[in-house]
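Here is a friendly walk through some helices, their packing and a few individual residues. Keep the 3D view open as you read.

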Amino acid sequence: MSRRRRLGLGCAPLGGLFAEVSADEARATIDRAWESGVRLFDTAPLYGSGLSERRVGEALRDRPRDEYVLSTKVGRLLLPGEPAAMFHGAPPAAALFDFTADGIRRSLQESLARLGLDRVDTVLIHDPDDHLDQALAEAYPALEELRSEGVVRQIGVGMNQWQALARFVRETDVDCVLVAGRYTLLDRSAGDELLPLCAARGCTVLAAGVFNSGILANGTTFDYAPAPPEQAARAQALAAVCARWEVPLKAAALQFPLRHPAVGSVVVGCRSPAEVDEDVGLFGLPIPAGLWEELAA
């Protein structure tokens, strides 16, 4: 995978995750990512009840289609109701789980309509934690059929845990998995089983949540809640090691997952051009081998 697709833009913030983002700011964020060489964009129906998909589609519609990789997700349908509380400024639609084969096809059709594009490159089954059997028996075969028909190029699963992802890799022929928060400087739990399994099967890993929702980016939250004392202490220790090498902790957090051969890309959420500039700069910052050796210990 080329370097320009090693860093991907996570587009949940552009759907108003935790704070409202204006249409102009969202467009400027995507434009800045493009200008910076980013060519991987990840969105989902959940993100702002379709708002993120519409904004991503509007920004990419006039770009050369073969120059970027676009991923979205299935497993939730948008129906009249209240948007998820974490998304601000979202339209009045509720994202409800549906892992049936019909639901999967409908979800993709509706995503394409919101995006205003004729295809997406990657489709991920989104958060099937409490619906694993149905996702394996119904959602996955539907995606497999769409892949065989050439409707999508790659299929996979995106989750905040690694155990169920490993089950998908063992039991299906997914092309990729997106693992959020479980292969980071602070939480390397996916590294013992999932990543070696993916490497052996030729399944690409997309690493997201690399700041563990903030604690590795000078924040105080871990997995979207106040960080437990032991996690906070470990983050402080990591920051101290980085400081001795005069490397920002955020730079090490951004680059760490790509040191594993199974990881193809890091996906990081941004809500402004300034955040894009910061992350692109940190992503390209040279990091001494000695720092990696000390962090590995």
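## Helices α5 and α6

Helix α5 passes helix α6 in a left-handed crossing; a crossing is left-handed if the near helix is turned anticlockwise from the far one by less than a right angle, and right-handed if clockwise. Helices (H or I, at least four residues) and strands (E, at least two) are DSSP runs, numbered from the N terminus. This is a predicted model, in which local features need pLDDT of at least 70 and side-chain atom pairs count only at pLDDT 80 or more, while totals for chains, interfaces and linings use all residues. Residues are numbered from 1 along each chain as its sequence is written, and side-chain values use heavy atoms, with hydrogens and water left out.

The axes of α5 and α6 (residues 194–201) come within 10 Å and cross at roughly 20°. Axes here are lines fitted to C-alpha atoms, for helices over the stretch in contact, and angles run from 0 to 180 degrees between N-to-C directions. The two helices, α5 and α6, are therefore roughly parallel to each other; angles under 35 degrees count as roughly parallel, over 145 as roughly antiparallel, 65 to 115 as roughly perpendicular and the rest as oblique. To see where they touch, look for L165, A166, V169 and R170 in α5, which meet L194, L197, C198 and R201 in α6. Contact means heavy atoms within 4.5 Å.

On the α4 side, L132, D133, A135 and L136 meet A164, R167, F168 and E171 of α5.

Next, find α1 (residues 23–35) and α9 (residues 273–283), whose axes come within 8 Å and cross at roughly 25°. Helices α1 and α9 are therefore roughly parallel to each other, with a right-handed crossing. Here E25, A28, T29, R32 and A33 in α1 meet P273, V276 and D277 in α9.

## The two sides of α7

Helix α7 (residues 229–244) has 16 residues, which at 1.5 Å a residue should span 22 Å; its end C-alpha atoms are 23 Å apart, which agrees. The expected span is 1.5 Å times one less than the number of residues.

Which residues of α7 are buried? They are Q231, A235, L238, V241 and C242, where buried means under 20% relative accessible area, exposed over 50%, and partly exposed in between (1.4 Å probe, protein chains only).

## Residues worth a click

Most residues other than glycine have a negative phi. N212 has a positive phi of about 50° although it is not a glycine. N212 lies in the loop between β9 (204–208) and β10 and, at 1% relative accessibility, counts as buried. Y224, also not a glycine, has a positive phi of about 65°. Y224 is found in the loop between β10 and β11 (225–226) and, at 56% relative accessibility, counts as exposed.

Finally, E53 in helix α2 (residues 51–60) counts as buried at 0% relative accessibility. Leaving aside neighbours within four places in sequence, E53 is in contact with T43, A44, P45, T72, S111, R114 and L115.
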